[in-house]
Amino acid sequence: MNITENAIRVLEKRYLAKDENGSCIEDPAGMFRRVAKAVAAADKEYVSEEELKEIEQEFYNMMSNLEFLPNSPTLMNAGRPLGQLSACFVLPIEDSMEGIFESIKNAALIHKSGGGTGFSFSRLRPKGASVNSTGGVASGPVSFMKVFNAATEAVKQGGTRRGANMGILRVDHPDIMEFITCKRDNSEITNFNISVGITEEFMNAVENDEEYNLIDPRTGEVAGTLNAKKVFDVIVDMAWNNGEPGIIFLDRLNKDNVTPELGEIESTNPCGEQPLLPYEACNLGSINLSSMVKDIDNSPEVDYDKLKTVVWKAVHFLDNVIDVNKYPLPEIDEMTRGTRKIGLGVMGWADMLCKLNIPYNSQEAVDLAEKVMSFIQSESRKASIKLAEKKGVFPYYDKSIYKDKDIKLRNATTTTIAPTGTLSIIAGVSSGIEPLFAISYIRNVMDNDELIEVNPIFKKIALEEGFYSDDLMKRIAKKGTIKGFSEIPESVQKIFVTAHDITPDWHVKMQAAFQKYTDNAVSKTVNLANQATREDVYDVFWHAYKTNCKGVTIYRDGSRDMQVLNIGKVKGKEENANKEESAEYKVKISAVKGIAPRPRPEIATGFTEKVKIGCGNLYITVNYDEEGICEVFTNTGRAGGCPSQSEATARLVSIALRSGINHEHIIEQLKGIRCPSTTRQKGLKVLSCPDAIGRLIEKVAKIQNGGSVSSEVSITDEQKFQRPMAKIGHGLEEKGKEESICPECGVKLEHEGGCVVCRNCGYSKCG
């Protein structure tokens, strides 16, 4: 398998099965085999034992060759006791206290199983409405969103991440203005992405600068009017402020609702690409387009034969997932098996364009997007029809639009363009249909040695054309783009564009091209430069509406970090440009009082030591920058240990170091702590994990101050290994453009579909 070291790290941390001590008990090949076997089992009653083994091998080959990957819950849970394989769920919220808290309970069960949830709060009566049963007044949708948010915070998904939610409110709900502004403060409702449910009536009113009606959902009566243009301007202003809210075109979702007799689509999954009926779930998967390119006489072209083969296998795979899935609620089980929706999408689109020598921001790329997605749409439906001949149509077929067309499908929908997040890290390709995030970046390791990570397609061309050099790659990493480098041919500069090289209209055009041939919806983030105006955001929203997108999300570079909290003159860089950057770090704190740690440096130098403790091996990394020791990482070997406790110790030590606590005080607290498992082992030079951490901090402090290592356990060359410390460009060197950084490894986060993902360690979060 051609899996990168970074992908292996992410798999080991988040996907591979572990024992009770947190040690991996399978490798990537074992994971793919586990998933293939579990998913193929759905065919037992349809094929012979020999054919079943062939199907399992086909599924295994498709995944291990990185041609197709299912959504994360399938990789994590297939063939394991939890068995919950879907990523996307939508739950209804009824206008009663019992209904609201039933939904909270159900959401907790879904989050516990690894899924994300979407909600429409549009059925809830507005703030101030009477409550007949108590004689009181209603608190409104936004207040209950906060209750859902708190419940989500308390439930960790499979021990790996917080749950993700989508909150939608119709634009004609009386509380719409409170909803639009509810995330003005980034510390509020942190586990939700929010989108305004836009109607065609509203957009017409915006275009004509007219009033529109607000409707009380409880009575169905007009509860007031607002000027549509002014409401739209507030949506634009909030999105410019920090990327929230996005917009969802509800009428378009329902126009493409293939089972209208079952109900109205009110919401989507957390990233917006999967519209679902209440209690529906959808399992997603993505084809790696980067691997669908072939060379004919040294001329690259799309390999449609290979693509067709993978599409058919992927549809078979995803349909099987529905049958082997263990759903968290009986209502979800019934609805999902009733419509059998699947969502086949793509990743590696930007890489495919680079291989084909086509600029992302070109009409040629847009035309190819339509051609490729049209092909996938057509072949996925043919595959679904073929499955229906063998296994039957989806049970709710008689309530679908297909019955009148006499199109017998196994699946009510077959295509969705999802953000691929960690899946694209595993595959080693660009995410979803997004442009390239970076051409090169730098990992700094011991002794100030710099490792340069370069996009493999770009590196191949750079070597072939003779302009590759480490110095050039470092300068590209610093600038974040290859534009303006005289060493690089114009033809290459034109092809290898990054997200911020591309004007907003090309982002929207690309989304619209894929949406044209996608059953469900398309997740894409329109990335804007920090200096983008509100008019730019307005144009993006309007362009998305006019080009028949089903929704749109924007993110203005650096907008969230710069809006956290202003204490005094946080942004007064013009007064003291040299001192303000570090001063700003010190005053940019969260919504609570007290000392806040400075952000993790973009580049750090450090040492890693392997230490034998009573329950196995402990690897400790201590890093420092120009301001001193700044962080500690720990990792336990396969023999066991207490990974959660040692990681907690390392995190707290790191926070203390970056909060200004002198390392000597930390060393004093850690050294000498004893652990029974260590003290029982003869010949060990450390007393516990904290003791080992304290000792290495002491060593690094001595080395940093020009001293030598003379304590009992020396740091040998064999014990050193390189830990990635990345610096990614996009203008990070410019003041005032701090980016969201990964809380786990410190690398810059990518914004994708209203969520963030770290391409270094796989961390992700929505909201």
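Start by selecting Cys271 and showing its sulfur: the closest cysteine sulfur is that of Cys755, 3.4 Å away, which is too far for a bond, because a disulfide is a pair of cysteine sulfur atoms within 2.5 Å. Cys271 is buried, with a relative accessible area of 16%; buried means under 20% relative accessible area, exposed over 50%, and partly exposed in between, computed with a 1.4 Å probe on protein chains only.

A word on what you are looking at: this is a predicted model in which local features need pLDDT of at least 70 and side-chain atom pairs count only at pLDDT 80 or more, while totals for chains, interfaces and linings use all residues. Residues are numbered from 1 along each chain as its sequence is written, and side-chain values use heavy atoms, with hydrogens and water left out.

**Stop 1: the disulfide**

Which cysteine does form a disulfide with Cys766? Select Cys755 along with Cys766: their sulfur atoms are 2.0 Å apart, and the two form a disulfide. The link between Cys755 and Cys766 is right-handed, with 95° about the S-S bond. It ties together distant parts of the chain, Cys755 in strand E28 and Cys766 in strand E29, 11 residues apart. Here helices (H or I, at least four residues) and strands (E, at least two) are DSSP runs, numbered from the N terminus. A search of the whole structure finds 1 disulfide.

Are these two cysteines buried or exposed? Cys755 counts as buried at 8% relative accessibility, and Cys766 is buried too, with a relative accessible area of 14%.

**Stop 2**

E28 belongs to an open sheet of 3 strands in the order E27-E28-E29, with antiparallel pairing. Strand E27 (750-752) and strand E29 (764-766) are at the edges with a single partner strand each, so one side of each has no neighbour in the sheet. Neighbouring strands of this sheet are turned by 25° against each other on average, direction ignored; the axes are lines fitted to C-alpha atoms, for helices over the stretch in contact, and angles run from 0 to 180 degrees between N-to-C directions.

Zoom in on E27 and strand E28 (residues 755-757), which pair in the antiparallel sense over 3 bridges. Two strands pair if DSSP finds at least two bridges between them. Select His751 and you will find Val756 of E28 opposite.

**Stop 3: a hairpin**

Move on to strand E23 (residues 605-613), where 7 of the 9 residues are buried. A hairpin of 2 residues joins E23 to E24. E23 and strand E24 (residues 616-625) run antiparallel and are joined by 9 bridges. To see one of these, select Thr605 and its bridge partner in E24, Tyr624.

**Stop 4: aromatic rings**

A pair of aromatic rings is described by the distance of the centres and the angle of the planes. Rings of Phe, Tyr and Trp (its six-membered ring) pair if their centres lie within 6.5 Å; planes under 30 degrees apart count as stacked, over 60 as edge-to-face and the rest as tilted. By this rule the count comes to 21 aromatic pairs.

Select Phe68 and Phe317: the ring centres are 5.4 Å apart and the planes stand at 65°, so this pair is edge-to-face. It links distant parts of the chain, with Phe68 in strand E1 (residues 68-70) and Phe317 in helix H11 (residues 304-324), 249 residues apart. Both Phe68 and Phe317 are buried.

Next, select Phe232 and Phe541, with centres 6.3 Å apart and planes at 70°, so this pair is edge-to-face. Phe232 is in helix H9 (residues 228-242) and Phe541 in helix H21 (residues 534-546), 309 residues apart. Then widen the selection: ring pairs link Phe202, Tyr212, Phe232, Phe249, Tyr538, Phe541, Trp542 and Tyr545 into a cluster.

**Last stop: the whole chain**

Zoom out to see 26 helices and 29 strands in the chain. Of its 767 residues, 57% count as buried.
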